[in-house]
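Visitor: I have a model open and would like to go through it piece by piece. Can we start with the overall layout and then get into details?

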Amino acid sequence: LVVENEPPIQRSICQKIEESNENYIVVAAIDNGKDAIQYLKEYPVDVMFVDMNLPIVSGKELLKFCYSEKLPVLPVVLSGYTDFEYVKCAVANHAVDYLLKPLNSQELKLILQKIEIRIREQQQEEKDSHGDEIEDAHRLIALHSPAGALFFLFPLPAFIMNAFEIGIVNVILRALLYVLFRLLIGVRIALCHDGGMLLQDF
């Protein structure tokens, strides 16, 4: 997302971003902070290039909104000149970097590479965390039901485990596991008086 109120500069920034790294696509270009906030409420954005001097809602207020709402967007601050208050605001609201306009293509390329690495690391962390949550749920089921204990001892393939995220599939699988467990404990082997074996169903 590019938030810049001067059309020629806005077009230039959008063009440079996509030319510098083919993995980036500019999904929207907005000229004021108010519309940017509305867009961020409705659509997920990975990276936001924001000019600090915006009409209606300033870049400073836009950064504060993103930080206070804990939006998963990485801001890059743009400014036509170095202003300590702008830099201070960028740091306080966890901006990735502070760039002076006009943008230096090489500097922009390096920043985009840095952000890409950071996004991939975050995605991997979320993936690992998600796997841990499934494993914890797996253990919790094992602790609270006989069927769950069987399920824990004989884990299902990963693609079935992932299906547990869907509520109805979860219910059906747990029901099937419970039936299977009841069938297993319903078959008893008893010794006959003559030393033979008898298969008895209860």
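Guide: What follows is a walk through this predicted model, from the overall layout down to single residues.

Visitor: Fine. How many helices and strands does the protein chain have?

Guide: The protein chain has eight helices and seven strands. Of its 202 residues, 36% count as buried.

Visitor: What share of the contacts with a separation of 6 or more comes from residues 24 or more positions apart?

Guide: Such residues account for 50% of those contacts.

Visitor: How many bridges between strand 3 and strand 4?

Guide: Five, again in the parallel sense.

Visitor: Is strand 4 mostly covered or mostly open?

Guide: Mostly covered, with six of its six residues buried. The burial applies to both faces: L74, V76 and L78 lie on one side, and P75, V77 and S79 on the other.

Visitor: Which residues of helix 3 are buried?

Guide: G59, L62, L63, F65 and C66. Seen down the axis of helix 3, they fall within an arc of 160°, so they line one face of the helix.

Visitor: Why would residues spaced like that point the same way?

Guide: An α-helix has 3.6 residues a turn, so residues three or four places apart point the same way.

Visitor: Back to L62. What is it in contact with, leaving aside neighbours within four places in sequence?

Guide: L62 is in contact with V3, G33, A36, I37, L40, M48, V50, L54 and V57.

Visitor: On to the largest nonpolar core, then. How many residues does it have?

Guide: It has 25 residues, and those with the most contacts inside it are L1, V3, M48 and L62. The elements that give two or more residues to this core are helix 2 (33-42), strand 3 (47-51), helix 3 (59-68) and helix 4 (84-92). Apart from it lies another core, of 19 residues, among them C14, Y24, V47 and I119.

Visitor: You mentioned C14. Is that one buried or exposed?

Guide: Buried: C14 has a relative accessibility of 15%, and the cut-off for buried is under 20%. C89 also counts as buried, at 5%.

Visitor: How many disulfides does the count give?

Guide: The count comes to zero disulfides.

Visitor: Changing topic, where does D46 sit?

Guide: D46 is in the loop between helix 2 and strand 3. Not counting residues up to four places away in sequence, D46 touches P72, V73, L74 and I119. The C-alpha atoms of D46 and L1 are separated by 8.1 Å, with the two residues 45 apart along the chain.

Visitor: Backbone next. Which residues does the cis peptide bond join?

Guide: The cis bond joins K101 and P102, with omega at about -5°. P102 is in the loop between strand 5 and helix 5 (105-144).

Visitor: What about K70, what is its phi?

Guide: The phi of K70 is positive, about 55°, although K70 is not a glycine. K70 follows helix 3, in the loop that leads from helix 3 to strand 4.

Visitor: Is K70 buried or exposed?

Guide: Exposed, with a relative accessible area of 70%.

Visitor: And what is phi of H94?

Guide: Phi of H94 is near 60°, also a positive value in a residue other than glycine. H94 lies in the loop between helix 4 and strand 5. With a relative accessible area of 48%, H94 is partly exposed.

How values were computed. Residues numbered from 1 in each chain as written. Predicted model: local features only at pLDDT ≥ 70, side-chain atom pairs only at ≥ 80, totals over all residues. Heavy atoms only, no water. Core = buried A, V, L, I, M, F, W, Y, C linked by side-chain atoms within 4.5 Å. Buried < 20%, exposed > 50% of the residue type's maximum accessible area, 1.4 Å probe, protein only. Helix = DSSP H or I, 4+ residues; strand = E, 2+ residues; numbered from the N terminus. Contact = heavy atoms within 4.5 Å. Disulfide = S-S within 2.5 Å. Arc of directions from axis to C-beta. Pairing = 2+ DSSP bridges.
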